[in-house]
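Dear colleague,

I am passing on the structure below, and my notes on it follow directly after.

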Amino acid sequence: MKLLVCVSKTPDTTAKISFNADHTEFNEAGITFIMNPYDEWYALVRAMELKEATGGTVTLINVGPASNDAVIRKGLAIGADDAVRIDCNPTSSLYVAKQIAEYAKEQNYDMVFCGKETIDYNGSEVGGMVADMLAMPFISYASEMEMNGNTATIKRDIEGGKETIEVDTPFVLSAAKGLAEQRIPNMRGIMQARRKPINVVSPVDFEDVSSVVSYELPPAKAACKMVDPENMEELVRLLHEEAKII
Amino acid sequence: MSVLVFAESQGGEFKKAAFEAVTYGYKTAQVLGTECVALCLGDAPNAAQLGQYGASKVLHVADAALNNFDSLAYTGAIAAAVEAAGATVVVMMHGSTGKGLVGCVSARLGAGSAPGVNQIPTNDGSFKVKKNVFSGKAIAEVELKSAIKVISVMGNSFQPEVVGSDAPVEALAAAVPASRVSVKEVSRVKGTVPLPEAELVVSAGRGMKGPENWGIIEEMAEILGAATACSRPVADTHWRPHHEHVGQTGVAIRPNLYFAIGISGAIQHLAGVSSSKVIVVINKDPEAPFFKAADYGVCADLFDVVPKLNEALKNFKANA
């Protein structure tokens, strides 16, 4: 199996979010960056498991500048064979997807993996875009997957339950919790990752059609109103009369 | 020109989310000074009903291949409907189907997209719309510059509003490609409100001490007509089913009311629930970080306070 795993760099989950003075750019000062957790814990690890079971290769692809290499090296330490970085500063999901699809279309991958969403822009879009550009089915929010030859049986998370589907390769899959268990890279993996290639590729031209014009922080919450535990009638009254919610 | 709304049906029935989508599309059409056209795919005997929420007509691609979700087939049908309706904006819900579809549709149409929005767009010469980013820790205003724009809407951001009566339904013949995905089984929990659609949610965490204690939580949910939810450790230890897990790795929700009972409020949990309109926290630890995100708090042992709250809610409901 020839597998491609799309990986993003995102701020750490606990990062404090702030913006520049005119609120047009995310302030990266003091931010720790990580590999997007869904890409790492579920997409990459499930791809590694498939490779271990049936042979093949796992290639990482990232769309971004050289400063993303640290995140890519972590993926190589987890076990990917090699990596491709499309060298640019991406401006939208469509831009990222276009770069991945342009690279992937010549490579005949059996499966393309990505995380269910990134924890920064929360779009859930790139996988679907890549799938449509490659004319492959997109299987989103996969939380279980078994392979039998070229046929995958996949459980998708849907509202209030699961949908079980079958699909033949090639396809694009977005990974949710349950698809695999997080792996911590060991020292041998980290050492090997230093010698694995990161193939740097120039981006294709693409005129972008969307952009973030400004950011804001959510309105601050008023202080929590504490209610006497002996007086739950008061809580019910507040929810009814003040919050008007029940 | 029009705003095209994909209104999803399940087994021929519309869920509330379909009406939310049409209400959003109708309001967007008003901003743009145009009409709202709804689109149904597969079995949808009640398609005309979408007119009540503001659709001036309903396009219906009745191909049975569309009864189950397949991204390529749905994207092809939506692209055909965009052309038929002369649509400049495509609206869908950001649910499990929409998340699997929004990227495909925007790629197919070469369209700028805004996934997971929670406000109506503005159009003062440029088309802009706001969405949550950084897992609810910030809001971004996105400008879409393409001729066609694609938007998916967070569930429970807009309540369905009846503004008219049934609309004419036009059959649309779209060449739907043969599905490459075959659906083998759909298992949904029966008789409960699905979480992303729920307006009221009662959620509990490790403070419950064990699955055998969930009776008081289920009782509260029943009194309120609420959905039940849980934190990650509770789902991971199989005290509660996986689909109840809300938070960053689980489902992100924005109900009108979120009860967090015996949940400390780790940042990963807050990422999935902080957009809730009103949050009530019950926790015996006064230092629990959840109190900082709460509107109302009760600092006490949940095993004392939840039964008292259930009694008070019952009395309230009996007298309402």
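Helix H4 (residues 215-224) of chain B lies across E14, E15 and E16 of chain B and runs at about 175° to E14(B), where axes are lines fitted to C-alpha atoms, for helices over the stretch in contact, and angles run from 0 to 180 degrees between N-to-C directions. Helices (H or I, at least four residues) and strands (E, at least two) are DSSP runs, numbered from the N terminus. Helix H7 (residues 302-319) of chain B also packs on the sheet, touching E16, strand E17 (278-282) and strand E18 (296-298) of chain B, and its direction makes about 130° with that of E17(B); residues are in contact if their C-beta atoms, placed from the backbone, lie within 7 Å.

This is a predicted model, in which local features need pLDDT of at least 70 and side-chain atom pairs count only at pLDDT 80 or more, while totals for chains, interfaces and linings use all residues. Residues are numbered from 1 along each chain as its sequence is written, with chains lettered from A and ligands numbered from 1 in the order in which they are written.

The sheet is open, with six strands in the order E13(A)-E18(B)-E17(B)-E16(B)-E14(B)-E15(B) and parallel pairing, two strands being paired if DSSP finds at least two bridges between them. Strand E13 (225-226) of chain A and strand E15 (227-230) of chain B stand at the edges, each with a single partner strand, so one side of each has no neighbour in the sheet. E14 (residues 200-204) and E16 (residues 257-261) of chain B pair in the parallel sense over five bridges, and Val201(B) has Tyr258(B) as its bridge partner in E16(B).

The model scores ipTM 0.95 and pTM 0.94.

Key. Two residues are in contact if their C-beta atoms, placed from the backbone, lie within 7 Å.
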